Amino acid sequence: MEDTILSIEGIHKQFDTVKALDGVSIDVRRGEFLTLLGPSGCGKTTLLRIIAGLEHPDEGRILLNGQDVTDWEPNRREVNTVFQNYALFPHMNVERNISYGLRLRKVPKEEAHRRVEEMLELVQLAGFGQRMPSQLSGGQRQRVAIARALVCQPAVLLLDEPLGALDLQLRRQMQTELKSLQKRLGITFVYITHDQEEALNMSDRIGILHNGRLEQLGTPDDIYERPITRFAAQFIGQSNMVEAQVLDQDPDGLLTLRYAGGTIKAKGQAQPGELLTLSVRTERVKYGKDTRYGFDLSGTVKAHTYTGGMLRTTLLLPDGQELTVSGMGGSDERVAVGTQVHIQWDPACSAIVERREPGEKA
Amino acid sequence: MKKLGKWLPRLYVAVLLAIMYLPILVVVIYSFNDTKLFQWEGFTLDWYRKLMTNRVIGQAFWNSVKLAVLSSGAAAVLGTVGAIGMSQSHFKTKGLLENVSIIPIMIPEIILGMAYLAFFTYLQIPFGMVTLVIAHTAFCIPYIYLNVKARLAGLDPSIGEAALDLGASRTRMFWDITLPMIFPAVASGTLLAFAMSMDDVVISFFATGPQVTTLPLHIYSMLKMGVTPEINALCTIMLGVVFLGAALLRLLRASRKAQQ
Amino acid sequence: MKKRKSSGKALSLGALPMLLWTLVFVAIPLLYILWMSFMKRSATWGVVAQFTLDSYQKILSPTYLKVFAQSMWVALLTTLFTLLLGYPFAYFTAKLPRRARSAVLMLLVVPFWTNSLVRIYGWMILLRSQGVLNNLFLSLGLIDQPLKMLYTFGSVLIGMIYALIPFMILSIYSSVEKMDWSLVEAARDLGASAWRAFFTVTLPQTAPGIMAGCVLVFVPSVGLFFISDLMGGAKTVLLGNLIRNELLTARDWPTGAALSMVMMILSMGMIALYKRLAGDKSLEGLL
C-alpha cells in the first residue's frame with residue numbers, strides 16, 4: 001500500500017439548499033501533486049476549505065497522517081493554504097507576512113529571519129522583505145503567499161487557484177516554477193484549478209469534481225485517454241460522443257458496434273444489444289482510404305476550420321450526425337469539401353463513458 | 001462661454017462656502033471687539049483674558065471634554081466589539097436588534113432626550129455626569145458601530161482565515177489581523193462620536209441635572225440670557241485648534257504618502 | 001463554490017454588551033414613554049397608571065395640529081432648500097480637481113467640530129436689527145430703517161438650513177463621486193443634450209444620495225428645538241419646542257410622550273420609505 005498522508009473520507013457538505021459536496025473520498029499520497037479539477041461551483045474550494053479546517057463537513061472525516069483532524073481548528077492542522085486572492089496581511093510588510101506563522105510557533109528571531117530569507121530566495125524575491133504588499137505586482141504577491149504558506153513546512157500545502165489572477169504568460173512561467181518547487185521540497189500539494197491545461201501540466205494525479213462528486217481520479221494520462229464518465233471526457237480536451245449499439249463481441253475483447261448506418265470497433269466488455277457512449281478524442285479520428293481497423297463507416301467532408309496550428313474538420317455521417325476531427329494545420333493538403341471518405345480510429349483509443357440497456361432511456 | 005462653464009460652478013462653491021463661514025467669521029471678529037455691543041469698537045484681547053479666569057465656562061468646558069472622552073471611549077469599545085460580534089452572529093432577530101442599536105441617531109434627538117428624562121426619573125438615578133455619560137454613550141455607539149460594520153463588510157474574510165491557517169487562534173487573529181485592519185474605522189467613528197458628544201445640546205438638556213452643565217448647555221443658557229463675548233473667544237480658540245488639527249492631519253497624510 | 005458562509009454562531013458573545021446596553025438604555029426608555037403616552041396625567045408630576053387615549057386626543061386639537069403643521073412645513077422647506085442649494089454644491093465639488101476637492105470637503109466638515117450654537121449665534125449677530133447686515137445695508141443706503149430679520153420665520157429657516165446642509169451635501173457628494181461618468185458620455189453620444197443627460201442619467205444615478213440626504217435633514221429638523229428657540233423668538237413654535245414645553249413647563253408627561261411617539265413614527269416612516277426606495281440597503285446607507 002502506498003503511503004497516504006491525507007485521507008478524505010466520504011465528505012458531505014450542504015449550504016442551505018445547495019449540495020456542495022456529495023460523498024467525496026480521496027487518498028492523497030505523500031509527496032504527490034494532486035489537482036482537483038472542475039468547473040466553478042463543483043465544490044472544489046469547499047473541499048479545500050474543509051481540509052484546511054475553515055469549513056466543517058456535515059458528514060465524513062479528514063485524516064492527516066492517520067489522525068482524525070475533522071474537528072480540529074485550522075490553527076492546529078499541519079496544512080497551510082495559498083489563498084485564491086493571496087490574502088496577504090495588508091498592514092505587514094513581506095517579511096512580517098512570511099514570518100507570521102513562525103512567530104506564532106515561537107521560532108527564535110534569528111532562525112525565523114534566516115528561514116524567511118531562505119524562502120524569499122526560493123521564490124526569487126530576495127531583497128523584497130521590507131516592501132508592503134500594496135507595492136508588489138500580482139506575480140510577486142503570489143510568490144509571497146506561497147512563501148508564507150511554505151515557511152512553516154506543512155505536511156500538505158493547499159493551493160486554491162493560485163494562478164487564477166495572473167496573465168497567461170506569467171501563469172505558464174509560474175506553473176513550471178511551482179512544479180519544480182514542489183519536486184525540490186517534496187511537500188504534498190493539493191491544488192485547485194478549473195484550467196485543464198494547468199492540471200494536465202503539473203499534476204501527478206487529477207481528481208475531477210462535478211456537482212460535488214468525484215467523477216474520476218487518475219494520472220493525467222488516465223484522465224485524458226481513458227475518461228470513465230461523460231463529464232470527464234467532455235471537460236478535458238475535445239471529444240466526439242459516439243452513441244453506438246453493440247452487435248457482437250469477439251473473444252479478445254474487441255466489440256463491433258452499429259453506428260450511424262455503419263459499423264465501428266471498440267475495445268471493451270459489453271453484451272450484444274447494449275447501447276454504449278464512447279468518447280473518441282478528435283485527434284484520434286482518421287479519414288481517408290485506409291481501412292486497417294476494420295471499420296465500415298463513411299462520410300463526407302463538410303468543412304474545415306483553420307485555427308493556427310490546428311486544422312479542425314467536420315465530417316458529415318450518412319445519418320446526419322457529425323464528427324469533429326482535429327489534425328495538424330500547416331501546409332498539408334486539405335481534402336476537398338464534399339469528398340467521400342472512409343472514417344476510422346484505433347479501437348483502443350475510444351473509452352466507454354456510459355452504457356445502458358436497449359430499453360433504457362438516455 | 002467655455003470659460004464661464006468652468007468658473008461659474010467654482011464661484012458657486014466658493015460663495016456658498018463663504019456664506020457658511022460668515023457667521024463663524026463674525027464670531028471670530030467679535031471675540032476681538034472692545035465692546036459687548038454689536039458695533040465694532042476696536043481691537044482687544046480682554047475677552048480672552050476674562051475667559052481664562054471664568055470658572056464657570058472652564059468647568060463647563062472640562063465637563064464636556066470629560067463627557068465626550070468617557071462616552072466616545074465606552075462607545076468605541078462597545079460598538080467595535082459589538083460590530084464584530086454581530087458580524088459573526090446569525091439569528092432571526094439580528095436585523096431588528098441592529099436597527100434598535102442605531103435608533104439613537106435615526107430619530108430626532110428630542111425623543112431620546114425625553115425618554116431619558118422619564119426613565120432616569122422613574123429609576124431615581126440622580127441627574128448628573130452618570131446620566132449624561134449613559135445618554136451620550138447610547139448615541140455614540142451607532143457612529144462607531146456603523147463605521148466598523150462597513151469596514152468589516154469590506155474586509156476580505158480570507159485574510160483572517162489565512163491567519164488561522166498559519167496557526168493563529170481566533171483571539172490571536174483578532175489582535176493581529178482584525179483589529180489593525182479595522183482600526184481606521186474605529187478611529188474615525190470615535191472621532192465623529194466625540195465631536196457629536198461635544199456639541200450635543202438636546203439630549204444633554206434632558207439628561208443632566210442642575211449641578212452639572214456642559215459647554216453647549218452653558219452657551220445655550222447664555223444665548224438666552226444675554227451673551228458675554230468670552231464665548232466668542234472660546235469658540236475662536238476651539239476653531240483654531242480644530243483647523244490646526246485638520247491641517248496637521250493633512251500634512252501627516254501627505255508625508256506618509258511621500259514615504260511610500 | 002464562492003459561498004463564503006462564515007461559520008457563525010447563533011449569537012456571538014461579542015455582540016452581547018452592546019445589545020444589552022441598547023436594550024437597557026435605548027429600547028426600554030423608548031418603550032417606557034410609549035407606555036406613558038397611554039397613561040393618565042398625574043396632577044403633580046409623572047403619570048397615573050391608568051389606560052387612556054386622552055393625550056392622543058389632546059394632540060389632535062387645533063392648537064397642536066397647527067404646531068404640527070408648522071413643524072412639517074419648516075422641515076419640508078428646510079429639506080427642499082438644502083437639496084436645491086446642496087445638490088449643485090456637491091455636484092460641482094465632485095468635479096473639482098482632486099486637491100481642491102479635498103480642501104472643499106475639509107472646509108465643509110471642520111465647522112462640525114465647532115459648537116453649533118456658536119455658529120447659530122454668529123447668524124444672530126448678523127441678522128439682528130443693529131446687526132452686521134442691517135448696518136451694512138443702512139450705510140450703503142439700501143434701506144432707511146433696519147429690517148427685522150431675526151426672530152422671524154425666515155431666520156428660523158436660515159438657521160435650520162445652515163445647521164443641516166452639510167448632511168445633505170455629504171450624502172449627495174458620496175453618490176456623485178461613485179457615479180459612472182461613462183454613462184453620461186454614452187447619453188451624450190446617443191444625442192442627449194447636457195441638460196437632458198443630467199436629468200435622465202445623472203439625477204437618477206444620484207437618487208440614493210438625494211434620498212439619504214433628505215432623510216438626514218428632514219428627521220432631525222423636526223426636533224431641533226434650540227434653533228427656533230433662539231432665532232424664532234416665541235413666534236415659531238415647532239414640535240420640538242412643544243415637547244419641551246409639555247415636559248418642563250406644563251409638566252404634562254403623557255402628552256409629551258404622545259407627541260414623541262408621533263414624531264418617532266413619522267421618522268420611522270421616512271426611513272422605511274427611504275429603505276424601500278433605495279432598495280434594501282439597510283440604514284447604514286444613510287451615513
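**Figure 1. Strand 15 and strand 19 of chain A run antiparallel.** In this predicted model, three bridges join strand 15 of chain A to strand 19 of chain A, residues 340–344. Within this pair, A:Gly288 stands opposite A:His342, which belongs to strand 19 of chain A.

**Figure 2. Five strands of chain A form an open sheet.** The order of the strands across the sheet is 15-19-16-17-18, and their pairing is antiparallel. Strand 15 (286–288) and strand 18 (322–328) of chain A stand at the edges. Each of these two strands has a single partner strand, so one side of each is left without a neighbour in the sheet. From one strand to the next, the twist averages 45 degrees. As a general point, strands of a sheet pair through backbone hydrogen bonds, and the pairing is either parallel or antiparallel.

**Figure 3. Helix 1 of chain A is mostly covered.** The helix spans residues 44–52, and nine of its nine residues are buried. A residue is called buried here if 20 or more other C-beta atoms lie within 10 Å of its own. The buried residues of helix 1 of chain A include A:Leu47, A:Leu48, A:Ile50 and A:Ile51. A:Lys44 and A:Arg49 are also among the buried residues of this helix, and both residue types count as charged. After helix 1 of chain A comes A:Gly53, which has a positive phi, near 95 degrees.

**Figure 4. Chain A touches chain B.** In this contact, 17 residues of chain A meet 15 residues of chain B. On the chain A side, strand 6 (79–82) and helix 2 (94–104) are the elements that give two or more residues. Helix 2 of chain A provides the largest share of that side, three residues. By residue type, the side of chain A that touches chain B divides into nine nonpolar, six polar and two charged residues.

**Figure 5. Chain C has 12 helices and two strands.** Along the sequence, the elements of chain C follow the pattern α-β-β-α-α-α-α-α-α-α-α-α-α-α. Taken along the principal axes, the box filled by the C-alpha atoms of chain C is roughly 75 × 70 × 35 Å. Of the 287 residues in chain C, 47% are buried. Among the contacts in chain C with a separation of 6 or more, 69% come from residues 24 or more positions apart.

Technical notes:
Residues are numbered from 1 along each chain as its sequence is written. Chains are lettered from A and ligands numbered from 1 in the order in which they are written. This is a predicted model: local features need pLDDT of at least 70, side-chain atom pairs count only at pLDDT 80 or more; totals for chains, interfaces and linings use all residues. A residue is buried if 20 or more other C-beta atoms lie within 10 Å of its own, exposed if 12 or fewer, and partly exposed in between; C-beta atoms are placed from the backbone. Helices (H or I, at least four residues) and strands (E, at least two) are DSSP runs, numbered from the N terminus. Two strands pair if DSSP finds at least two bridges between them. Axes are lines fitted to C-alpha atoms, for helices over the stretch in contact, and angles run from 0 to 180 degrees between N-to-C directions. Two residues are in contact if their C-beta atoms, placed from the backbone, lie within 7 Å.
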